[in-house]
Structures are given as C-alpha cells and as structure tokens.
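Reader: I have a protein model to read, and I want to know what stands behind the words used for it. Please show it to me.

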Amino acid sequence: MIRISIDAMGGDHGPEVVLHGLDNVAQRRSDVRFLIFGRDDAVSPVLLKYPRLAAISSFTHCEVSVRMDDKPSQALRHGRWKSSMWKAIEAVKAGDADVCVSAGNTGALMAMSKFCLRTMAAIERPAIAAIWPTARSESIVLDVGATIGADAHQLIDFAILGSAMARALFQVERPTVGLLNVGVEEVKGQEDVREAGRLLREAELASMRYHGFVEGDDIGRGTVDVVVTEGFAGNIALKTAEGTAKQIGEYLRSAMSRTLMAKIGYLFARSAFQRLREKMDVRKINGGVFLGLNGIVVKSHGGTDDEGFAAAVELGYDMARNKLIDKIRADIDAFHAAMPTRRAGQRPDGEPTDL
C-alpha cells in the first residue's frame, strides 16, 4: 500500500482541483491511501463530493496554509509545525507517508522540505528533476530551479540522483547520463562541467552509463536518459520548452481554422493531430521531484487542472513504489567506493586546486 500525503491548500485553485485529481488517481490505483491536510471549512465540503476518495483517506485540519506569494522565510516563520504544507512533509519524515505532493509555493515547499527532511548524507544540495518528452520517449532533466550555479561535485550529485530516478521511473538498468554544455568537445565549457565529466568517466559506475557532454538540442532528441545541469540553465530550458509547446499549439490552431480547405484537411488528419496534442500535453508530465532529501516530495504546477495534479500524484506513487530513496543511497555509496573521498580544495591528483 502506497501512502501519499497531500497539501490540499496548495495551488491556484485550492482543494477543488486537488481532491478531484486524487479521486482520478483512486479510480486507477487500488493500492493507494491518502493523508490529506488543510482547513476543514475548505476541504470537508469538497471531500463529501467524492465518497470513493473519502473512504481511502484521512483528513487533518490545519489552521494555517502557505500562500502562493509568501517568501520562503515567511512560510517557515508562520507555517512551520502547523501549516498544511509542513504537516504533509512531516508525515513523510514520521514514516506515516511514502511521498508528499503539493501544488503550493515552490520556494516555500523546498525550504520546508529541506528544513524538515534534511538532505541525504554526502548530498550538498537538493535538485528538482522534471520529466521531459522527447522524440525518442522521455528523459529526466535536473536541476530545473533548486540550485543556481553548481560546482563539479554538485553536478555529480545531480547525475547520481537523476540516474536513480531514471532507473525507478523508466526501469532502465543503466540509464545514459549527459552533462549539458555549450558543445560536445571535451575542451569546451566551464571548468566545473569538464571536471564533473572527468570524474564520472573515471568512476565507471554500474548504475549509469556516462555519455559525455550534450547540447540544448539533444534534450528534445532524447539523446540521453538523464540531462544534468545547474538550476539557472535548467529552469530557463524548461520554461522555454513549455512556451514553445504552447506557441506551436497556437500556430496549429490558427492554421487549421484559417480557410475552409484547412478545416477540411483537419477533419481528415484529426487522429494525427490528437496524437500530437497528447504528446504535447504538459499535464501528463506535470510534477517536479525534489531529489537529495531523506524522503520524496513532488511539486505540482500551481495552475494545473485535476488531471495534471493526478499526474503529479502518480509520479510520486511510481517513485515510492520503485523505492527511489533506496536506489539513491545505493548509488551514492557506489560512487564514493569508486572515487575515494578527497580533502576539500584538492584535485583528483591530490594537488591543491589553485595551482
């Protein structure tokens, strides 16, 4: 039985969308239970509409809810210990839930998750991983916003985290991993990226196949299973891709309605356009996974609808079902066994990094 804790007050639309999404999941998954946290006056009337969901859920009243425009420091100051977001995360820490899902404020959710769950041993900073539709299938891209800037060891952490997620999600024994760079040649890019590539090659980990450097257009091609970058570049890439998908959709709608012949052509090609629409439907890939913490937290888009929130919940379900945390810990141990720990400020050859 997979137990999922839910911040019902998160998102732009509140409990109505959240609970509708949970009911969608309840129809498809017979081995799931929900721990729902929120204000009684907002949640209980909506929960009454979904008797199937109510039968497999427990509800806890929380007087405080984190607002979408709260700064992380404000959320921690006013919502720690008592908000619906905190309580949902705390259920994972206590072992009452296997995963937490929220559509709430991203910065607040990350701050509370780090404060409550803490980062894993040997992981310096957590990352947010996103599922990316590609020409081949799907890939994982991280970090997409948790960490602005990253040194070589943090990029290696992200590679380990991403490959473990790929094994849990895609059922691939040795996922391919690439470092996002300005070119595929080994001499290109920042020193931290080149050093991370060198260390990953030397480690020869059994849990991944290091592909080398990849460029921006390789993301959409699906050249590798996992694309590793720092949060500034990753977030821009993610938002650019989402905007491009919407732009293409607008172009197609405009073109198909422009003339009578175009409308007739659309009728003949309707099934093909339907497949394209499904492929570009951002709701189906909704959900960013917070990796590197002692527990699984999934962030849903705040403005998504019920089916989008259901997709984020099912992503968390898959991560818990396939024991993501155990895979990450095993991969971290394997890397440190392959690459002996070095003192801070040393290169792989033991010389100071400032030489």
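Author: Here are some terms, each set against its definition.

Author: This is a predicted model, where local features need pLDDT of at least 70, side-chain atom pairs count only at pLDDT 80 or more, and totals for chains, interfaces and linings use all residues. Residues are numbered from 1 along each chain as its sequence is written, and side-chain values use heavy atoms, with hydrogens and water left out.

Reader: What makes a stretch a helix or a strand, and how many are there?

Author: Helices are DSSP runs of H or I with at least four residues; strands are runs of E with at least two, and both are numbered from the N terminus. The protein chain has 14 helices and eleven strands.

Reader: Why is the pair R3 and D98 called a salt bridge?

Author: The term needs a side-chain nitrogen of Lys or Arg within 4 Å of a carboxyl oxygen of Asp or Glu. Between R3 and D98, N to O is 3.1 Å, so the pair qualifies. The structure holds 18 salt bridges.

Reader: What makes R3 and D98 a tie between parts of the chain?

Author: R3 lies in strand 1, and D98 sits in the loop between helix 5 and strand 4. They are 95 residues apart in sequence, so the pair ties these parts together.

Reader: Why is K49 called exposed, but E16 partly exposed?

Author: Buried means under 20% relative accessible area, exposed over 50%, and partly exposed in between (1.4 Å probe, protein chains only). K49 has 51%, so it is exposed. E16 has 32%, so it is partly exposed. These two also form a salt bridge, at 3.2 Å. K49 is in the loop between helix 2 and helix 3, while E16 is in helix 1, 33 residues apart.

Reader: How do you know that D218 is buried?

Author: D218 has 11% relative accessibility, so it counts as buried. Its salt bridge partner is R221, at 3.6 Å. Both are in helix 9, three residues apart, so about one helical turn separates them.

Reader: Which residues are linked in a network of salt bridges?

Author: R28, R29, E307, E314 and D318.
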